[in-house]
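Here is a short tour of one protein chain. Keep the sequence and the model in view while reading.

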Amino acid sequence: MKLDIDFKKGNGLVPVIIQDYSSLQVLMQGYMNEEAYQKTIEEGKVTFFSRTKNRLWTKGETSGNFLLVKNVSIDCDKDCLLIQVVAIGPTCHTGSISCFGEVNGDKGFVYALEQIISDRIDNDVESSYTNQLYKRGINKVAQKVGEEAVEVVIEAKDNNDELFKNEAADLLYHYLILLKAKGFAFSDIEAVLKGRH
């Protein structure tokens, strides 16, 4: 990917904003020089130029919490990058998802959960309930969604808010598995809703 980046304005460095590809949450900010940018593009993992270490630094090189590149764009002045990533583990050294705090709102976590579901299925994690259900086929996944929907209806008629919330969470979780089994993403359904608005 060849971008016309102006490294001269910042004495060889450009700021880089890292954003979660699914939730669009801002995860962190760092700097790149030309060499860090080239390594990022070649390897598909975000590499920064560390001003404190005075060297290239691939995020996750010691922790394993890599940032896998999905999309790179440049701002209108050509001196700042936005890189959308799939984060492997927490991004912040404090253990938080983001250096700017935890997930911003419920939408962010639903997208993060969708990514976890996809990872368990795509990586064939044998011990994962998610993967085991998925491997049983579309009929079993759809049946499970139906069962959870009935349980939500039953709990909605009672007065136990905790049971209702837990069943609603189960329904949403299994619904995300069903979307994956059908080859759709939550954003596809969100787009339909936005189109109706």
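## Overall layout

The protein chain has six helices and six strands. Both come from DSSP runs, numbered from the N terminus: a helix (H or I) needs at least four residues, a strand (E) at least two. Starting at the N terminus, the order is β-β-α-β-β-β-β-α-α-α-α-α. The C-alpha trace spans about 65 × 40 × 30 Å along its principal axes.

This is a predicted model, where local features need pLDDT of at least 70 and side-chain atom pairs count only at pLDDT 80 or more, while totals for chains, interfaces and linings use all residues. Residues are numbered from 1 along each chain as its sequence is written, and side-chain values use heavy atoms, with hydrogens and water left out.

## Surface, contacts and charge

Of the 197 residues in the protein chain, 32% count as buried. Buried means under 20% relative accessible area, exposed means over 50%, and partly exposed lies in between (1.4 Å probe, protein chains only). The accessible surface of the chain is about 11900 Å². Carbon and sulfur atoms supply 52% of that surface. The areas come from the Shrake-Rupley method with a 1.4 Å probe; for residues, only the protein chains shown count as cover.

A contact means heavy atoms within 4.5 Å. Among contacts with a separation of 6 or more, 47% join residues 24 or more positions apart. The chain carries 23 positive and 29 negative charges, and their mean positions lie 4 Å apart. Lys and Arg count as positive, Asp and Glu as negative; His and the chain ends are not counted. Each charge is placed at NZ of Lys, CZ of Arg, CG of Asp or CD of Glu.

## Helix H4

Helix H4 covers residues 138-157, 20 residues in total. From first C-alpha to last it reaches 29 Å, close to the 28 Å expected at 1.5 Å a residue. That expected span is 1.5 Å times one less than the number of residues.

Which residues of H4 are buried? They are Val141, Val145, Glu148, Val152 and Glu155. These residues cover an arc of only 90° around the axis, so they sit on the same side of H4. The arc is taken from the directions from the helix axis to the C-beta atoms. An α-helix has 3.6 residues a turn, so residues three or four places apart point the same way. The buried residues of H4 pack against helix H3 (129-135) and helix H5 (161-182). On the face turned away from the buried side are the exposed residues Asn139 and Lys157.

## A buried threonine

Thr40 belongs to helix H1 (residues 34-43). Is Thr40 buried or exposed? Thr40 is buried, with a relative accessible area of 0%. Leaving out residues up to four places away in sequence, Thr40 touches Met32, Lys45, Val46, Thr47, Val69 and Ile83.

Asp79 lies in the loop between strand E5 (67-74) and strand E6 (81-87). Pro15 is 64 residues away along the chain, yet the two C-alpha atoms are separated by 7.4 Å. Beyond neighbours within four places in sequence, Asp79 contacts Asp6, Lys9, Val14 and Pro15.

Asn54 sits in the loop between strand E3 (47-50) and strand E4 (55-58). Its phi is positive, about 55°, although Asn54 is not a glycine. Asn54 counts as exposed, at 59% relative accessibility. Asp124 is in the loop between helix H2 (105-122) and H3. Asp124 also has a positive phi, near 50°, and is not a glycine. Asp124 is partly exposed, with a relative accessible area of 36%.
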